[in-house]
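Q: Could you take a close look at the aromatic ring pairs in this structure and walk me through them carefully?

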Amino acid sequence: MIELWQAGFVPRPIDDVAQTPPRADEVIWLPPQGSFRFVADPFGLQRAEGLTVFAETWDYRVKRGEIHYFQYDNEYKLIGSGPALITPFHLSYPFLIEEAGELYMLPEAHKSGVLTLYRCERFPDRWVPVKALLE
């Protein structure tokens with residue numbers, strides 16, 4: 001059995017979405033990834049220039065998730081996308097942390113045997129390992 005997921009977002013605050021569930025036409029879907037691929041586990045970062053969504057992109061041919069980014073302008077039109085973080089092991093759930101002017105990513109990577117914190121060197125597509133938090 002092959003599972004295919006589709007991720008999207010609703011451009012409203014979460015408390016508003018909790019009060020008034022979104023209509024189907026409000027959902028902005030991340031773009032399809034082609035045959036044997038899908039996106040899951042999105043994590044968005046809103047900035048003045050627009051929204052960047054980081055998500056796991058799974059490819060059945062290599063059986064490994066990678067973190068890709070999807071950039072939207074302030075009208076939620078897709079203006080860019082590409083790989084953000086690729087490793088030899090599976091990555092998912094790209095949790096983002098902003099601290100003291102720096103942006104960090106803490107993706108799930110249990111098959112690597114370590115939980116690694118990455119710092120953004122160039123937004124949104126260059127991340128460098130900072131520290132292994134758990135081994």
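A: What follows is a walk through the ring pairs and their surroundings. The model is predicted, so that local features need pLDDT of at least 70 and side-chain atom pairs count only at pLDDT 80 or more, while totals for chains, interfaces and linings use all residues. Residues are numbered from 1 along each chain as its sequence is written, and side-chain values use heavy atoms, with hydrogens and water left out.

A pair of aromatic rings is described by the distance of the centres and the angle of the planes. Rings of Phe, Tyr and Trp (its six-membered ring) pair if their centres lie within 6.5 Å, and planes under 30 degrees apart count as stacked, over 60 as edge-to-face and the rest as tilted. By this rule there are seven aromatic pairs. One of them is the tilted pair of F38 and Y60, with 6.0 Å from centre to centre and 55 degrees between the planes. This pair links distant parts of the chain, as F38 belongs to strand β3 (residues 37-47) and Y60 to the loop between β4 (50-59) and β5 (64-72), 22 residues apart; strands here are DSSP runs (E, at least two residues), numbered from the N terminus. Both F38 and Y60 are buried, a word that means under 20% relative accessible area with a 1.4 Å probe, protein chains only.

Y60 also pairs with W58, and this pair is edge-to-face, with 5.9 Å between the centres and 85 degrees between the planes. W58 is buried, as is Y60. Elsewhere, ring pairs join F9, Y72 and Y76 into a cluster.

Key:
Helices (H or I, at least four residues) and strands (E, at least two) are DSSP runs, numbered from the N terminus. Buried means under 20% relative accessible area, exposed over 50%, partly exposed in between (1.4 Å probe, protein chains only).
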